[in-house]
Structures are given as structure tokens and as C-alpha cells.
Amino acid sequence: MDNKALAELLFPDVTETREQTEARFPERQLPEGACVTRIGPSPTGFVHLGNLYNAIIAERIAHQSGGVFYLRIEDTDNKREVEGAVETLINAMDYFGVRFDEGATAEGDNGAYGPYRQRQRRDIYHVFAKWLVEQGLAYPCFMTAEELDAIREQQTAAKENPGIYGRYAEKSRSLTLEEIKQNIAEDKPWVLRYKAEMTDEYIEVKDAVRGAVKMPRNSMDFVLLKSDGIPTYHFAHVVDDHLMHSTHVIRGEEWLSSLPMHVELFGKLGWEQPVYCHTATLMKIDEENGGKRKLSKRKDPELALSYYQQEGISRDVVWEFLLTLLNSNYEEWRLANPGVSYLEFPYTLEKMSISGALVDLDKLRDISKEVICAMQPEKVYDEWYGWCSEYNREFADLLSKYKDRTLAALNVGKGGKKPRKDIETWKQACDFMSFYYDETFTVADDMNEQADEETRKQFFAKYLETYDHADDSQAWFEKVRAITAELGFAVKPKDFKKYPDSYKGSIVHITNMLRIALTGRANAPDIHEVSHVLGEDIVRARLGRWA
RNA sequence: GGCUGCAUCGUCUAAUGGUGAGGAUAUAAGAUUCUCAAUCUUAUGAUAUGGGUUCAAGUCCCAUUGCGGUCACCA
């Protein structure tokens, strides 16, 4: 076979040599030790928690080393592509504070190694495809889907490994130049296959987290270019990560088994392999059978990044959460460095866990309270307002109308050493804080459980009579106690527990009445503090209804 | 099925081959002279199984089991 002639026949439009193409993607000028990483999502419109997980690793590795982090859109499968998916992805990454130095943007490209959308790099792949054909390392295959299905059936029946290799590749491999010319003249669709060697050798690849991984060397004639001339993931990955000079390839462990193909291509093209880092899959407990399983797009809403956006889970919270999963020493570091940005944490691949972690929403909730509690009220306000303006416009209006009151409310219970931890998510915050605004204030809890109507009227009348908005918390509580005793309620809850028949109730009932009247609920923060956030007029108005 | 990755409390994990297997979270009980959110005490709770190597194994080796991945003109 005349490989040169075959290459010309298959790629008549390719005029550039591989040297010329490579010269257009020169070495990056970076300081010693700088890492170049990327994420390569496919634009399906669905952004995974796993996407962010890998993005965070890649971003940290690059930026901690003074390197480059870029975005490449892997859109080689046009069947899966969804309109507007690139924008969705960029928005999601932006929401979670992942910033790219170069790569695809909503408008186009930013950077010297583009295009950053694989479909637009078709000509580049063809240069290397042509070279592989010239070297006798690739050949066209005209087999139809039906023929491939038949082969697979035959292989399954014979308990052989499925795929195109060995004698199953004979038919296409043995085509003469004349036959190929004929097929092409007839416009028969073809794919370009890698011409693998039949071998039982093993390869060993160093994975940055897993250590040495041993696998059988590739002996499959896998597809390099599909019939539309677009490369498969495998070919595109090798060409792009070489030309764009990625030093580290961070991706999910589902790629581990195709690693031999990639190693094969890097070897044959004479390129240096990047450092591979195959991350563990995020898992979840299956409610049906109690087993550990992969997060599934259909059954698990918390898999979608949009879930975290819709719930209003703060960017910082998601980072903290993922970092605790990513590096086992993160929590320890956080404890030793409270108040420091997570960006200061020295992230290392060595500390990465290799077994699949379970997404534990309990843990997320705990981290969430912790993180938001530690935020300055101004920051809480800004982030919360930002979320509301996208997901709850009415509340956003309230927040801007009552900005000062909201800031004061966010300070409630923040004075001492043990600050309150009320807020978990922005969505929940709207609910939790609703009693501070007349527009959203409702009485949710029943006051009948606290005392009968007669006592209630007496209490509120007396309370308002002696109420002095200027009282400090001590003086205020003394008055509450006085009224409590006067009404025949136990001032000490323990007394009531001991002698329930001697009292009409305890101070707990009294304060609960106050709380319900003031906030609409029996469980709420400190009455005295809340009163001062609301102001005297509102306090008198809300309590007056009951007197 | 072939190939392959992983395996410590429910969950996330720590432990140069050598301490009573430690922490966090969750759960339960108690404390905090007003609820709740917290906070503090305490408790429950793990090296998947079976062999080997070694004075000594959670740690090294082998097998079994379990869970995952992959075997497309999908990524």
C-alpha cells in the first residue's frame, strides 16, 4: 500500500505539515513549575457537580503554581449539543467563582491557542490524521453500522471481546488503494481507524493520585475520525492537550479505561504525555437498596449545579464542601486558619482521595451554617440580595427597601462568643427572615397552646403598659418576670415542672406568646434584640393586636 | 463476560509496619435559671472475609466478596 497516496486521497485539502501546525502552537512562556490545566466539558446544557469538582482541582493546580487554566469546549458530538449550553456552563462556573485565564467565552475565544471549540479545530486534527495515514498508522474503514452490529453479535455469542481488532479488522485493513478510491468516488461514508498492533504487552502509567496504573496495551482499531470528519474524544484529547500544552489532565475515573488509547497516540505521535489525574466519582446512597451508587442525572437533583444555584447555596459553601472532599487535611487546615480565604489553602494532589466520595447533604448544611455565620453582615446581604434578584425578585425588593433593618437583623445574636447559626441557604434565609418585614410577616404558630385568651389579653395589656423601648436587655427581662409572677405563672421553668398544679404555666409560655406575637413563631431569636431591629412602632403594633 | 479502579465508625476521613485505631459530621442523652439556632459534656459507632509475609499488619502479598468504571462513528 502506498501510504502517501492514500493520505492524499483521504485528505486532499490538508496542505500544512504537522511541523507547520505545531509551530503555530509554540511552547508557553511560563515560570518553572507552572502548571497548565483545563476543563473540557461537552455542551449538553447540564452542568454536573462533578464538573465543578474537577474544575476546582484544575483551577487550584494552575493558579497555585502561577500557571494557566483554560476552558475548552468538547463539542465533537453534535447530537448531544444543546443550544446555549456554553453560556449556561460559563455562567455556572462564574457563579461558583471559577475563573478562566483563557479559552472559550460566550462571545468567542480568548487566547493564543484557539480555537477552543473542538468542532472548529477540524483542520488541525486532519493534519495529524493525514500524518498517521502516511506513517501507515491509520486507515479508512467503510463498514456500515449493520456490519459492526453483526460483528458485535458474533463476538458476544462467542464470548469474545467486542471491538474491531485482529481478524475483525482484516476486511477494512486489506482494502487496496483502488478499492478505497472506488468507495470514495461512490461517496461511501468512512471513518479513520487507528491501526493497532496485536499485543499482550502491558503499559504502566503514573497517575498523580493513584500512583502506577498497570493496563494492557491498546490493541483495538479504535476510531480517530468519525464519518463527518470530526475526531472522537480520544484523538481530540491527544492533539489538543499537546498543542495547548496542558501539563496536567484532570478528569473523572471513567476515562481510566481508555487511557491505553491515549498513551498509544502520544507515543506514536512522538509527544510527551501530560500528567494524568483521574479523580474519583461522586457517589450517593441509593434510597431504594441502601447501596453506594454513582450520582445519576435523573434521580439526584443535587447532582446538577443548577440545584445549588436554585437553592441559593453560597459559592463559598460549595467550595468549602468540595475542598473537604478533595483534600483530607482541609478541615484541619480550616480549623487552624479560621477567617482565611479557602484560596490560601495549599492544595495538593497527593492528599486527594481516590475512593468515590458520597455527597452528604448533612455535611453541606453544617458547613453552610458555619460559613455564613462567619461572614460579615454586609457580605451576607450582598450575596443574598444577588441571589434574590435572580430567584426571588419580590424578596429582593424587600431587601433593598429595608436594607438597614436587614443588616441589623443579620447582626442579631452575633454579639457574643457563640454567634447564631440560623442561615443555611439564601432560599431558606428568605423564609427565616420573613418576620422582619410587614409584607411577609405571618403568624404561623398557635398561641392557644401557651395560654387562654383571657390571660393573653391581660398579659399583652400589661406588657405594653410597662414597655419602655429604651430598656436594656436586663431591665426588659426583669419586667417580663414581674408580669409573669403577677399572672400566676412560674418565673423559673423548673418550678413549673416540679409543681405544675401551683401555676398557670411558666415563663416559657409567656415568652413564647411574646415571640409569636412579635415574630409569628414560637422559635425565633432573642425577643429584646428583635424588638430593637423592628423599632418601637412595629413592636407596639404587632403586640397591640392581642391586647 | 473481558479489562480495570476502589474498600477504616451511617457519612467524610486520620494513623514512617509498632499508643487503647484519632478527628469531623450524623444520631441519642444531659447542661446552659425564656424558645429556637448555637455552644459545652457524655454515649453509641469502623479496619469486608479468608489465607500468607513479619517479633509485630488497618498498613505489604494472594484469593474471595462487595461497590464502581469501561468495552460506540458519546464524552
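# Sheets, domains and RNA contacts

User: What is the strand order in the open sheet of three strands?

Analyst: In this predicted model, the order is E5-E6-E9 and the pairing is antiparallel. Strands (E, at least two residues) and helices (H or I, at least four) are DSSP runs numbered from the N terminus, and two strands pair if DSSP finds at least two bridges between them.

User: Which strands stand at the edges there?

Analyst: Strand E5 (138–141) and strand E9 (223–225) do, and each has a single partner strand, so one side of each is left without a neighbour in the sheet. From one strand to the next the twist averages 45 degrees, where axes are lines fitted to C-alpha atoms, for helices over the stretch in contact, and angles run from 0 to 180 degrees between N-to-C directions.

User: And how many bridges link E5 and E6?

Analyst: E5 pairs with strand E6 (residues 191–194) in the antiparallel sense over four bridges, and Pro140 stands opposite Leu192 in E6.

User: What about the sheet of four strands?

Analyst: That open sheet has the order E1-E2-E3-E4 with mixed pairing, and its edge strands, strand E1 (36–39) and strand E4 (109–110), each pair on one side only. E1 and strand E2 (residues 68–71) are paired in the parallel sense over four bridges, with Tyr70 in E2 as the bridge partner of Arg38. Helix H3 (residues 49–64) lies across E1 and E2 and runs at about 165 degrees to E1; contact here is between C-beta atoms, placed from the backbone, within 7 Å.

User: Switching topic, which residues are closest to RNA strand B?

Analyst: The closest are Glu74, Asp77, Ser328, Ser353 and Ser355, among 66 residues that surround RNA strand B, a residue being near when its C-beta atom, placed from the backbone, lies within 6 Å of the strand. Elements that each supply at least two residues of this surface include helix H6 (145–157), strand E8 (211–216) and helix H22 (507–519).

User: How are chain A's domains laid out?

Analyst: The assignment gives domain 1 (3–16 + 122–278), domain 2 (296–350 + 358–373), domain 3 (375–436) and domain 4 (447–544), with bounds that come from an automatic or database domain assignment. The centres of domain 2 and domain 4, taken over C-alpha atoms, are separated by 40 Å.

User: Where is the cis peptide bond?

Analyst: The cis bond joins Gly114 and Pro115, with omega about 0 degrees, and Pro115 sits in the loop between E4 and helix H5 (122–134).

User: What is the mean pLDDT of chain A?

Analyst: The mean is 90, and 96% of the residues in chain A reach 70 or more, pLDDT being the predictor's confidence in each residue, from 0 to 100. For the complex, the predictor gives an ipTM of 0.90 and a pTM of 0.89.

User: What conventions apply?

Analyst: Residues are numbered from 1 along each chain as its sequence is written, while chains are lettered from A and ligands numbered from 1 in the order in which they are written. As this is a predicted model, local features need pLDDT of at least 70 and side-chain atom pairs count only at pLDDT 80 or more, whereas totals for chains, interfaces and linings use all residues.

Definitions and conventions: Contact = placed C-beta atoms within 7 Å.
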